Amino acid sequence: MMMIEGEADQISEADFLAALEFGHKAIQPLIKAQRELAAKIGKAKRTFALQLPDAKVVAVCERVAAEGDQLRKAIFIESKAARGNAVKAVMEKAKEACAAELGATFDARHVKMAFEKLQEKVYRTAILEAGKRADGRGPADLRKISCAVDVLPRVHGSSLFQRGETQGLVLATLGTSKDAQEVDAITGGPKTRAFLLHYNFPPFSVGETGRFGMTSRRETGHGNLAERALLSVLPSEQDFPYSIRLVSEIMESNGSTSMASVCGGSLALMDAGVPLKAPVAGISCGLVSDERDGRIVAHRVLTDIIGAEDHFGDMDFKVSGTREGITAFQLDLKILGLPFSIVKEAVAQN
């Protein structure tokens, strides 16, 4: 499997897995046709000469690798900000050492690249060999969760949801049926949308400065996923003839902000008096694997990943749902494919 994305009406995990298996079988004829077409055309693949690093780059990599012990101490600090500062201090030390030992011949960009690879190795090795995560949790542990509602008294509904260092302020606004968004239903389907969820990810949520401009593709995608996760538990328009708009403002981000929007969205909707069929929650599971000769020989599935585990890991598998079943899901993958056995493990752990 390369990617999974969709929504459901509170289906069971067994039905979800059966649907994935059915879809996997259904695309085999398409893959076969593509391979036959490629063979029929017979266009040879391009080959590229192997580019080996020069002596200067090798020297930088070796000097950066010498900071491995200091980096291991730096990354296992619970706070994201403190961890980031400690890692940055080790990288600056590596730069100074390169300047002292290699003179003006080294390129600072090579230090950054080598340091990135070293971080990846340290993170992954600790998880695979010892099940040790940067914030001290075990592979299947959730971060601490706190929830509050009615945090803004002037709006119809509001919530503040926090999981670890990921925090979302979600606002609910109700309108009449005339406030529903009109849709150009060129290909058929509904002509209005009575439920909207908008997701905003400002630069300050990750400690950065930047411009507030147009909505990014990332914000659109995360908002769409959270919207679909909540759609199936909303009351019918006959039972609740109002338009609903949710706005998720990400105050702090350290992984899985779309699922924080789902959790906070449920709270804000209930705070606004919307009679949900059931509350929805969701987390994201990650993966660190050891692949040899195209086959995964060792792996660990991680519950509720932080940003670094998403960045250095192999998978971001978001699943949301109620006690009754799954409502939305999305899988992003960095390895060449995900075995069905790991899919089952991740769904069970999610």
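The model is predicted. The protein has ten helices and twelve strands. Of its 350 residues, 43% count as buried. The C-alpha atoms fill a box of roughly 75 × 60 × 40 Å along the principal axes. Among contacts with a separation of 6 or more, 68% join residues 24 or more positions apart.

**The five-stranded sheet**

- Five strands form an open sheet in the order S2-S3-S4-S8-S7. The pairing is mixed.
- Strand S2 (145–149) and strand S7 (195–200) stand at the edges. Each has a single partner strand, so one side of each is left without a neighbour in the sheet.
- Neighbouring strands of this sheet are turned by 15° against each other on average, direction ignored.
- Strand S3 (residues 157–163) pairs with strand S4 (residues 166–175). The two are antiparallel and share seven bridges.
- Within S4, Leu169 is the residue opposite Leu160.

**Helices on the sheet**

- Helix H7 (residues 217–231) lies across S7 and strand S8 (243–252). The angle between H7 and S7 is about 140°.
- H8 also packs on the sheet. It touches S2, S3, S4, S7 and S8. Its direction makes about 145° with that of S3.
- Helix H8 spans residues 257–271, with 15 residues in total. From first C-alpha to last it reaches 20 Å, close to the 21 Å expected at 1.5 Å a residue.
- H8 is mostly covered, with 13 of its 15 residues buried.

**Glu249 in strand S8**

- Glu249 is found in S8. Its relative accessibility is 23%, so it counts as partly exposed. The cut-off for buried is under 20%.
- Beyond its neighbours within four places in sequence, Glu249 is in contact with Gln167, Gly168, Leu169 and Asn200. Leu169 is also the residue in S4 that stands opposite Leu160.
- Arg211 is 38 residues from Glu249 in sequence. Their C-alpha atoms are 16 Å apart in space.

- Met315, Phe317, Val319 and Gly321 point one way from S11. Asp316, Lys318 and Ser320 point the other way. Both sets are buried, the charged Asp316 and Lys318 included.
- Strand S9 (residues 281–292) runs antiparallel to S11, joined by seven bridges. Ser284 stands opposite Lys318 in S11.
- S12 also runs antiparallel to S11, again with seven bridges. Val319 has Phe329 of S12 as its bridge partner.
- S11 and S12 form a hairpin. Four residues lie between the two strands.

**Glu7 in strand S1**

- Glu7 lies in strand S1 (residues 4–11).
- Not counting residues up to four places away in sequence, Glu7 touches Arg228, Leu231, Thr327, Ala328 and Phe329. Phe329 is also the bridge partner of Val319.
- Glu7 and Ile326 are 319 residues apart along the chain. Their C-alpha atoms are separated by 8.0 Å.

**The largest pocket**

- The largest pocket has a volume of about 1,100 Å³.
- It is lined by 42 residues. Closest to its centre are Lys80, Asn254, Gly307, Ala308 and His311.
- Several elements give two or more residues to the lining. The helices are H5 (80–102), H6 (108–130), H7 and H9 (307–312). The strands are S11 (315–321) and S12 (326–333).
- H5 supplies the largest share of the lining, seven residues.

Technical notes: Residues numbered from 1 in each chain as written. Predicted model: local features only at pLDDT ≥ 70, side-chain atom pairs only at ≥ 80, totals over all residues. Heavy atoms only, no water. Expected span 1.5 Å × (residues − 1). Buried < 20%, exposed > 50% of the residue type's maximum accessible area, 1.4 Å probe, protein only. Pairing = 2+ DSSP bridges. Axes fitted to C-alpha atoms, helices over the stretch in contact; angles between N-to-C directions. Contact = heavy atoms within 4.5 Å. 1 Å grid on protein atoms, 1.4 Å probe; cavity = no way out; pocket = protein on both sides within 12 Å on 5 of 7 lines; lining within 4 Å. Points joined across faces, edges and corners; volume = space filled by probe spheres on them.
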